[in-house]
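Please look over the sequence and the structure shown here before reading on. The report that follows takes up a few features in turn.

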Amino acid sequence: MNRRTTAVTVGLVLAAAIALPTAGSASAARPAGPEPTATSTATATAPVTGRPTARPTVTRGVRVPQLVVAGTLTAVDTAGNRITVAVHGGRDKLQRGQDVVVALTSATVLRQDGAVVTPADLRVGGHVSVRCTRAADGSLTATRVTVETGEDSPTSSPTSSPTRSPDVTRG
């Protein structure tokens with residue numbers, strides 16, 4: 001046999017040894033309790049390994065695929081909690097060149113120029129990147145909206161402009 005066949009054979013033997021308990025461990029791992037009687041032989045003859053027979057079920061949140069829509073923010077409807085994006089990019093090529101309406105929720109994170117904002121603070125005309133989910137009916141719900149207006153965020157106090165030092169000539 002070559003090395004690969006030997007490795008596969010050894011792996012299968014080890015997997016079988018782990019999966020099948022030995023007779024000695026079955027009796028040692030039997031839980032303490034009433035001894036089986038003659039009338040309950042069907043349940044008493046089943047080997048008890050001390051391990052669960054099936055893997056435990058792990059419940060996790062349902063993973064919803066994320067969709068990214070990128071483009072220009074064209075409208076903000078604060079009363080209806082939605083924004084409109086003129087799509088320029090993203091993975092869904094069918095949306096490019098169209099206006100897409102995206103719903104906002106209370107869990108939606110809104111950022112504009114790096115600061116967390118409310119829907120009323122969003123500026124139309126900025127570049128927007130929206131991470132959202134698509135419902136079965138095709139509607140989009142935003143989980144994160146990032147707007148870059150291209151302007152610097154205002155500072156709390158104005159900064160002085162640097163002064164130019166006079167040129168020193170060497171003689």
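## The surroundings of I83

In this predicted model, I83 touches L73, A75, V76, V100, V101, V102, L104, L122, V130 and V145, when residues up to four places away in sequence are not counted.

## The nonpolar core

I83 also belongs to the largest nonpolar core, which has 19 residues, and it is listed with V69, V102, V130 and V145 among those that have the most contacts inside this core. The elements that give two or more residues to the core are strand 1 (67-77), strand 2 (82-90), strand 3 (99-103), strand 6 (127-134) and strand 7 (140-148), and the largest share, 4 residues, comes from strand 7.

As background, nonpolar side chains in soluble globular proteins tend to be buried together.

## The partners of strand 4

Strand 4 pairs with strand 7 in the parallel sense over 4 bridges, and in this pairing Q112 stands opposite V147 of strand 7. With strand 5 (residues 115-116), strand 4 pairs in the antiparallel sense over 2 bridges, and here Q112 stands opposite A115 of strand 5.

Strand 4 and strand 5 form a hairpin with 2 residues between them, and in the turn D113 has a positive phi of about 55°.

Definitions and conventions. Residues numbered from 1 in each chain as written. Predicted model: local features only at pLDDT ≥ 70, side-chain atom pairs only at ≥ 80, totals over all residues. Heavy atoms only, no water. Core = buried A, V, L, I, M, F, W, Y, C linked by side-chain atoms within 4.5 Å. Buried < 20%, exposed > 50% of the residue type's maximum accessible area, 1.4 Å probe, protein only. Contact = heavy atoms within 4.5 Å. Pairing = 2+ DSSP bridges.
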